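Please examine the structure shown here together with the briefing that follows. The points are grouped by topic so that each can be located in turn.

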Amino acid sequence: MKLTATAIDAQAFADAAAELLTQGGDARIIREPATGLNQYFSQSRPSSVIAYASSTANDISAPAFDHVCRRIAEIAPDLTLSPAGYTEALEGLRGRIRDSYSLADDVEIVFSPSGTDLEYVGLALAKEKAPGGIRNILLGADEVGSGCIYSARGQYFAKQTARDIAVAPGEPVGGRIPEKIELTNVPVRDDLGAAWRPESVAEEVDRQVIEARGADRHTVVHVVHGSKTGLVLPSLEHIDALKAKHGDAVSFIVDACQARITTQAIHDYLARGCTVLLTGSKFMGGPPFSGFALVPRAAVEAAALMPIAFCKIFRRGEWPDNWPDVDLLPRESNLGLLLRLEASVFELERFQALSIERVERVVLAFHAAVRKAMVERLGGRRIAPYAPGERAEGDAHPIEMRTLSTIDISRMPGQPDFDDARRIHRALVDHGVRLGQPVKCVRLPDGRWGGTLRVGLSMPQVTAFDALDDAALEAQFERDMTAVAEALEKVVTA
């Protein structure tokens, strides 16, 4: 039955939107029937849960949900969308993303069902640059998505793709993806959780590139711009030095999947020929899962033929028209992914309309509330997103980078380790609180990973809080963080 955009059918559109937002992805997006939540404990409708979980996954905001319902009425009132309509809608999103970040038309955009799938874009760009294969360098493998360990090797990471094709995690994607992909990890923190100095990380990357060149391998370096704990490594200065020394033997993929990145930073990376990966489901605030890669046109034009195996993962409209051999991809539509992207770009546009001063006012109030509740009240320790003695570097981070606090809770009663933190993270949901997942970044004296939790703002939260005056803003954060602290006190000792 064809739905119409009338008040009578508003509930039908809302129900359709909630269902579609969970389709067209891998198994991580599926809701548990009993709870209505996915494996990250988020749902596909606006929620009243106290959620500071933007480092992991969001519930869709009420304004974005309304926008999605309107878009269904406009482009797919019968809940179907032709491949041509899908391509046209994605092209519209490309224009809106370029406008939001003030990007030139020569920046191409690849859409993806998740940030994990975006890793394949980097491999496609590098796949024929050296006969010895690819050395793929991850910085802080524990601080990127767990599935990226597979996709960065050119392997499937789930039991099904976004095209609903059954695959096996760890199985090579194949089909023009190099068989020789060597994945190496460069640690970004020591055992106490302190970040390594940027020059130390750059020196290790340089050593790895030299070694790879000796084996006739091309090196792909994953620049981390906003790791799970807020690190930015290596610096632009070190990227320039590596490019000057190694030339075409090295390429750079910027993992900005947290989307805690400024327009200027995106421009700086693109000007250096880097590809920038972002997701719409973290700081951007859209529902899980969606992503897009910003690729300099010169890199697309120099790319080798599209890997045949991408037919199992991507659809034709999701890739630029000028990508070599792009027409081998199936001409299908993915209405669920389109709607998730619509929600994310809607939030991006609202956030980008705010002045830096207005954003900073909200973020500083957030920091004060987190410090009072998580550090002063509970005795947690904030994991610094910079090396010891480099506070000035951290203060120089763009304000978006300061929307995330990683809290070491291993000094709380019972000295929670990483496994305890996962239990605590789940138990908080039952108390109406959702935070970012624990991340492995602190070692306990016996070698176990210490417990952490992450507290983060999202673009829609910043936009909503911006409407409050100073007193109301402080009071709102006070109420929220007090509720978080009270819930933590209950579940830590449970």
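This is a predicted model: local features need pLDDT of at least 70, side-chain atom pairs count only at pLDDT 80 or more; totals for chains, interfaces and linings use all residues.

In strand β6, L233 is the bridge partner of V224.

**Pairing of β5**

- Strand β6 spans residues 232-233, and two bridges join β6 to β5 in an antiparallel arrangement.
- The hairpin of β5 and β6 has six residues between the strands, and G226 in this hairpin adopts a positive phi near 95°.
- Strand β3, residues 134-139, pairs with β5 in the parallel sense over four bridges.
- Opposite V220 of β5 stands N136.
- Strand β7, residues 250-255, also pairs with β5 in the parallel sense, here over six bridges.
- The bridge partner of T219 in β7 is V250.

**Burial of β5**

- Strand β5 covers residues 218-225, and eight of its eight residues are buried.

**Helices α6 and α7**

- Helix α6 (residues 198-214) and helix α7 (residues 236-246) have axes that come within 10 Å and cross at roughly 20°.
- Because angles under 35 degrees count as roughly parallel, α6 is described as roughly parallel to α7.
- The crossing of α6 with α7 is right-handed.
- From α6, the residues P198, E199, A202, V205, D206, V209, I210 and R213 meet H238, L242, K245 and H246 of α7.
- The residues of this contact of α6 with α7 comprise six nonpolar, two polar and four charged.

**Cis peptide bonds**

- Most peptide bonds are trans, and most residues other than glycine have a negative phi.
- L233 and P234 are joined by a cis peptide bond, with omega about -15°.
- P234 is located in the loop between β6 and α7.
- Another cis peptide bond joins P288 and F289, with omega about 5°.
- F289 is found in the loop between β8 (275-279) and β9 (291-296).

- F41 is not a glycine, yet its phi is positive, at about 70°.
- The loop between α1 (10-20) and β1 (50-52) contains F41.
- Q415, likewise a residue other than glycine, has a positive phi near 45°.
- Q415 lies in the loop between β11 (404-408) and α13 (418-429).
- Q415 counts as exposed because its relative accessible area is 56%, and exposed means over 50%.

Technical notes
Residues are numbered from 1 along each chain as its sequence is written. Side-chain values use heavy atoms; hydrogens and water are left out. Buried means under 20% relative accessible area, exposed over 50%, partly exposed in between (1.4 Å probe, protein chains only). Two strands pair if DSSP finds at least two bridges between them. Axes are lines fitted to C-alpha atoms, for helices over the stretch in contact, and angles run from 0 to 180 degrees between N-to-C directions. Angles under 35 degrees count as roughly parallel, over 145 as roughly antiparallel, 65 to 115 as roughly perpendicular and the rest as oblique. A crossing is left-handed if the near helix is turned anticlockwise from the far one by less than a right angle, and right-handed if clockwise. Contact means heavy atoms within 4.5 Å. Ala, Val, Leu, Ile, Met, Phe, Trp, Tyr, Cys and Pro count as nonpolar, Asp, Glu, Lys and Arg as charged, and the others, Gly among them, as polar.
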